[in-house]
Amino acid sequence: MTKKADPHADAHVDTWLVHGGRDPWAQHGFVNTPVYRGSTILYPDLATIESQKQTYTYGRKGSPSMAGLEEALCHLEAGARTMLQPSGLAAVTTAILSVAAAGEHMLVADTVYRPARHFCDGVLKRMGVEVTYFDPGLAEADLASMLRPNTRVIYVESPGSQTFEVMDIPAVARVARAANCWLLADNTWASPLYCQPLTLGADISIQAATKYVVGHADAMLGAVTANARAADRLRDTQFAMGTCAGSEEIYLGTRGLRTMGVRLAHHHQSALAMAEWLQQRPEIARVMHPALPGFPTHHLWKRDFKGASGLFGVLLKPVPRDALAAMLDGLTLFGMGYSWGGFESLIVPFEPKAYRTATPWTEPGYGLRLHIGLEDLDDLKRDLAAGFDRLNAVTRS
Ligand SMILES: *Cc1c(COP(=O)(O)O)cnc(C)c1O
């Protein structure tokens, strides 16, 4: 769906989240666009089917439900075209396949979402695209020196998965532009409310809408937004691949969008307060949160982001596995599980050592990734404090 003139185009983003991408008077006055289920869409006559000049032509290619959310996300990302995907990972792979070709070379930040690496190292390699990983903190000139004559794509994620290094996207964009490369950015952490990679110079922004857009841990959804340069590539690739998001999931994504502003503001506030509290805990070696003034790439976050979401990491001082198990297994509010961006708090252990390849990860100690949900902050602190008590009891015994 391409962006079209919208009566709320100049509205504040909070107003836009409420009113954008819906048209009650096209739905008999119902506030929400219903779930349009369907494969077949009828044409009124021979002339119309010959010309294909009808807004909706086939279920896979579009519906009013799909168009509404695509239009809304496109506006928020300041793009030219958004296409919904059945998952965030499908958004990653569709974005890459829209621009990469056999015989080319691609530069990928060492901190991207791990399943994206899996795609690059497997399917993409098999299709003849060579990938090199680079440290997300690389200086502009050093990144430029990694370019090869056939480098055509640079793929980044900021802040990085698990360890939250903020990248200098405008600097990477300068490198990409000078070398005639496409720049792709996974924008899931910030969501388009807190960062707009396209305005920072990227060509394509990727959103795992499963996280904050859906916002309730009840659906899988993705979105790719392209600037004018990449828009046709994206549309052609999407239609050729045949992927499409389910209508029920699109409805849930659209509903999530309406409250995303207030949810994110709450996540920002609670997660930052929790990060500050954890910084004071003796069990913690380091807190990895872009909005903390002491965090190494904080200045980039401050320059390019409007806020922080609910996800950040900590490194524990080294403890035996038993102690970590005692801490995690007894938590009552924090759940252990993948994904994030829903209303609830989550915690998962991770080890960057296991998969970083550009720069070896040398810090000892377990990493923990926390998602701070919408629960009361003091209740959450009590849950973690009791966890630290259990951890210390094992360490001391
Ligand atoms: C979760 C996630 C994805 C993948 O999204 P799914 O909907 O789980 O496929 C992609 N990128 C980032 C940064 C993510 O956190």
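Which residues line the second largest cavity?

1. Basis. This is a predicted model, in which local features need pLDDT of at least 70, side-chain atom pairs count only at pLDDT 80 or more, and totals for chains, interfaces and linings use all residues. Residues are numbered from 1 along each chain as its sequence is written, and side-chain values use heavy atoms, with hydrogens and water left out.

2. Second largest cavity. Its lining consists of Arg-60, Lys-61, Met-66, Glu-70, Met-83, Leu-84, Gln-238, Phe-239, Cys-244 and Ala-245. Two or more of the lining residues come from each of H3, strand E1 (81–85) and helix H9 (231–241); helices (H or I, at least four residues) and strands (E, at least two) are DSSP runs, numbered from the N terminus. The space in this cavity is about 40 Å³. A cavity is a set of points, on a 1 Å grid over the protein atoms alone, where a 1.4 Å probe fits but cannot get out, and lining residues have an atom within 4 Å of a point. Points are joined across faces, edges and corners, and the volume is the space filled by probe spheres set on them. By class, the lining has six nonpolar, one polar and three charged residues (Ala, Val, Leu, Ile, Met, Phe, Trp, Tyr, Cys and Pro count as nonpolar, Asp, Glu, Lys and Arg as charged, the others, Gly among them, as polar).

3. Largest cavity. The structure has three cavities of 30 Å³ or more, and the largest holds about 110 Å³. Thr-33, Ser-65, Tyr-251, Thr-254 and Arg-258 are the closest to its centre among 13 lining residues. Helices H3 (64–77) and H10 (247–279) each supply at least two lining residues, and H10 gives the most, with five. The lining of the largest cavity divides into four nonpolar, six polar and three charged residues.

4. Strand E4. Six of the seven residues in E4 (residues 151–157) are buried, that is, under 20% relative accessible area with a 1.4 Å probe, protein chains only. E4 runs parallel to strand E2 (residues 105–109), with four bridges, and parallel to strand E5 (residues 182–186), with five; strands pair if DSSP finds at least two bridges between them. Ile-154 stands opposite Leu-183 in E5.

5. Gln-207. This residue sits in strand E6 (residues 204–207) and counts as buried because its relative accessibility is 2%. Beyond four places in sequence, the residues it touches include Glu-77, Asn-187 and Val-213, contact meaning heavy atoms within 4.5 Å. Gln-207 and Leu-183 lie 15 Å apart, C-alpha to C-alpha, and 24 residues apart in sequence.

Methods:
On a 1 Å grid over the protein atoms alone, a cavity is a set of points where a 1.4 Å probe fits but cannot get out, and a pocket is an open set with protein on both sides within 12 Å along at least five of seven lines; lining residues have an atom within 4 Å of a point. Buried means under 20% relative accessible area, exposed over 50%, partly exposed in between (1.4 Å probe, protein chains only).
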